[in-house]
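Trainee: I should like to learn how to read a protein model. Could you guide me through one?

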Amino acid sequence: MRTTPESEDEVAAPAAPAPPRPARTAGAAVVGRLVIVLAVLAVAGGGIWLVTKASTPVAGPTTTEIPALQVKAADVKPGSIAPVNVTVAGGASPQTLPRQAQTQQPGKNPLQDWAAGAAPVVGVPARALMAYGNAEIAMRSTQPGCRISWATLAGIGRIESNHGQYGGAVLGADGRPSKPIIGVPLDGSSGVKAIGDTDGGSLDGDPVTDRAVGPMQFIPSTWRKYASDGNGDGLGDPQQIDDAALAAARYLCVNGRDMASAAGWWSGILSYNNSTEYAQKVFGLADGYAKAAQTIKTRG
């Protein structure tokens, strides 16, 4: 289980130069002007450093809060059964993907409409549901045999970052949390793997050890392998939930894995985090989300 830091850049203001000792009146005036100019330049330089620093995640202190601490592990034997598998529209058959969800009609977005209707019933923010649903649709197009459901991705997203809302973050309309989500240092301490730095701190702000990043908590080296562009902006950003959800789906679907089968589902989740309790928690969440979505179709 990973935790996420909450941090802010703390930058000390540049110290003002000491005033010059009294000399001749004209000389003192000149030196005084020089001191003022230097002080202004120092502040300006500090501002430029802050802007640059703010664009790069900063490795902050570890918190003791865990996103899924209160999530109950399902009482189910690993490998015995898979969660209910539903499509974006809520149907039970993985073969009934609503192809119209992949197109956007003028003034109407079927995926957005589905997410808005499902969010209050399923209990997942609509913007996050759009990301999970989009990833399912993409994978059913490129790897239909995987049969991964948005509900499983939602289960992982809930445990890893509370759907991009961990540590007080707010998931924006652009799919990015209001502040970067960065995990604890993977330094080999109790309950944590030892993974040395693989990204020079470019993704996690830590040049010494790796940290998991983003709503789906990717280790930088893993992100480099599965980086995806889920929102179509030409970039792969682990902090952007559409990109992260699609990358997670690709990761789970490797080697022809069938995520609708019991064996395939458990294999995939345990590869994401090799913990039975973790997998049981994802199972309970995914199964609950899927069953709630089915009630929407029944009532509709």
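**Reading a helix and its surroundings**

Mentor: Let us begin at the start of H4, where a side-chain oxygen of Ser149 comes within 3.1 Å of the backbone nitrogen of Ala151. A polar contact is a pair of N or O atoms within 3.5 Å; within protein, one must be able to donate a hydrogen and the other to accept it, and residues adjacent in sequence count only if both atoms are side-chain atoms. This is a predicted model, in which local features need pLDDT of at least 70, side-chain atom pairs count only at pLDDT 80 or more, and totals for chains, interfaces and linings use all residues. Residues are numbered from 1 along each chain as its sequence is written, and side-chain values use heavy atoms, with hydrogens and water left out.

Trainee: How many helices and strands does the protein have?

Mentor: Helices (H or I, at least four residues) and strands (E, at least two) are DSSP runs, numbered from the N terminus. Here there are eight helices and zero strands.

Trainee: What span should H4 have, and how far apart are its end C-alpha atoms?

Mentor: The expected span of a helix is 1.5 Å times one less than its number of residues. For the twelve residues of H4 this gives 16 Å, and the end C-alpha atoms are 16 Å apart, which agrees.

Trainee: Is H4 largely enclosed or exposed?

Mentor: Buried means under 20% relative accessible area, exposed over 50%, and partly exposed in between (1.4 Å probe, protein chains only). Twelve of the twelve residues of H4 are buried, so this helix is largely enclosed by the rest of the structure. Among them are Trp150, Leu153, Arg158 and Glu160. In the protein, 44% of the 300 residues count as buried.

Trainee: Where are Gln217 and Asn255 found?

Mentor: Gln217 lies in the loop between helix H4 (150-161) and helix H5 (220-226). Gln217 is not a glycine, yet its phi is positive, at about 55°. Asn255 lies in the loop between helix H6 (241-252) and helix H7 (262-272), and its phi is also a positive value, near 55°.

Trainee: Is each of these two residues buried or exposed?

Mentor: Gln217 counts as buried because its relative accessibility is 2%. Asn255 counts as exposed, because its relative accessibility is 80%.
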